[in-house]
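Please read it beside the sequence and the coordinates.

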Amino acid sequence: MIVNIALLTVTDTRTIDNDKSGAILVEKIKEANHQLIDRKICKDNKGDIVKILKDWTNHKDIDVVITTGGTGLTGRDITPEAVDEIADKHIPGFGEVFRTISLKTVGTSSIQSRACAVLSNGKYIFALPGSSGGVTDAWDGILKHQLDINHKPCNFVELFPRLKEK
């Protein structure tokens with residue numbers, strides 16, 4: 001099943017041309033035969049992030065929103081707070097599993113990540129770190145499997161509202 005994904009990079013410093021983490025996710029989305037519906041970059045501004053997320057979760061053709069950046073502990077990192085503002089349900093296991101996977105690649109520095117996931121308006125939002133290693137860990141260790149209808153015993157795709165409409 002093709003999953004329709006929107007990708008948001010949250011950063012004060014990157015552009016589409018030098019957004020390495022976003023580029024990695026674009027490639028992984030393509031490799032999984034999913035469809036990238038939209039891609040944006042926005043500054044670390046909570047109001048701007050919330051507006052984009054709300055627009056995308058109200059878009060009928062988007063199943064999943066992935067953000068990269070703004071999940072750390074320093075500076076203007078505000079993505080989890082923006083995601084929290086529109087969350088209907090939190091998926092706490094996502095952050096826990098991500099940090100467990102990340103522990104193998106960055107050691108105890110994984111504790112500094114506030115990667116998280118929520119449901120909003122029936123859509124999944126996954127907030128990933130801005131590092132290329134972080135997005136690779138999240139995709140290869142979690143999303144690649146959970147966004148695959150064939151992954152058993154269960155997966156996120158089985159819960160998509162558009163499947164229930166058929």
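Helices (H or I, at least four residues) and strands (E, at least two) are DSSP runs, numbered from the N terminus. The model is predicted: local features need pLDDT of at least 70, side-chain atom pairs count only at pLDDT 80 or more, and totals for chains, interfaces and linings use all residues. Residues are numbered from 1 along each chain as its sequence is written, and side-chain values use heavy atoms, with hydrogens and water left out.

**Sheet**

- Strands of a sheet pair through backbone hydrogen bonds, either parallel or antiparallel; here two strands count as paired if DSSP finds at least two bridges between them.
- β1 and β2 run parallel and are joined by seven bridges; within β1 (4-10), Ile5 stands opposite Leu36 of β2.
- β1 also runs parallel to β3, through five bridges, and Leu8 has Thr67 of β3 as its bridge partner.
- On the β6 side, five bridges join β3 to β6, again in parallel, and Thr67 has Ala127 of β6 as its bridge partner.

**Burial and nonpolar cores**

- Buried means under 20% relative accessible area, exposed over 50%, and partly exposed in between (1.4 Å probe, protein chains only).
- Five of the five residues of β3 are buried: Val64, Ile66 and Thr68 on one side, and Val65 and Thr67 on the other, so that both faces of the strand are covered.
- A nonpolar core is a set of buried Ala, Val, Leu, Ile, Met, Phe, Trp, Tyr and Cys residues joined through side-chain atoms within 4.5 Å.
- The largest such core holds 25 residues, and Val64, Ile66, Phe126, Leu128 and Leu147 have the most contacts inside it.
- Two or more residues of this core come from each of β1 (4-10), α1 (20-31), β3 (64-68), α4 (92-106), β6 (123-128) and α5 (132-146), and α5 gives the most, with five residues.
- A second, separate core has 18 residues, among them Cys42, Ile62, Val65 and Val83.
- Contact means heavy atoms within 4.5 Å; beyond its neighbours within four places in sequence, Leu128 is in contact with Leu25, Ile66, Thr67, Thr68, Gly69, Thr71, Phe94, Val135, Ala138 and Leu143.

**Helix packing**

- Two packed helices are described by the angle between their axes and the distance between the axes. Axes are lines fitted to C-alpha atoms, for helices over the stretch in contact, and angles run from 0 to 180 degrees between N-to-C directions.
- The axes of α4 and α5 come within 9 Å and cross at roughly 120°. These helices are therefore oblique to each other (under 35 degrees is roughly parallel, over 145 roughly antiparallel, 65 to 115 roughly perpendicular and the rest oblique).
- Phe94, Val97, Phe98, Ile101, Ser102 and Thr105 of α4 make the contact with Gly134, Asp137, Ala138, Gly141, Ile142 and Leu143 of α5.
- Asp137 of α5 counts as buried, at 12% relative accessibility. Not counting residues up to four places away in sequence, Asp137 touches Phe98, Ile101, Ser102, Thr105 and Ile142.
- The axes of α2 (46-57) and α3 (79-86) come within 9 Å and cross at roughly 45°, so this pair is also oblique.
- The α2 side of that contact consists of Lys46, Ile49, Val50, Leu53, Lys54 and Thr57, and the α3 side of Thr79, Glu81, Ala82, Val83, Glu85 and Ile86.

**Local backbone features**

- Asn33, in the loop between α1 and β2, has a positive phi near 65° although it is not glycine; this residue is exposed, with a relative accessible area of 57%.
- Asn121 lies in the loop between β5 (116-120) and β6 and likewise has a positive phi, near 55°. Asn121 is partly exposed, at 42% relative accessible area.
- Asn121 and Asp137 are 16 residues apart in sequence and 26 Å apart in space, C-alpha to C-alpha.
- The peptide bond from Lys152 to Pro153 is cis, with omega near 20°, and Pro153 is placed in the loop between α5 and α6 (161-164).
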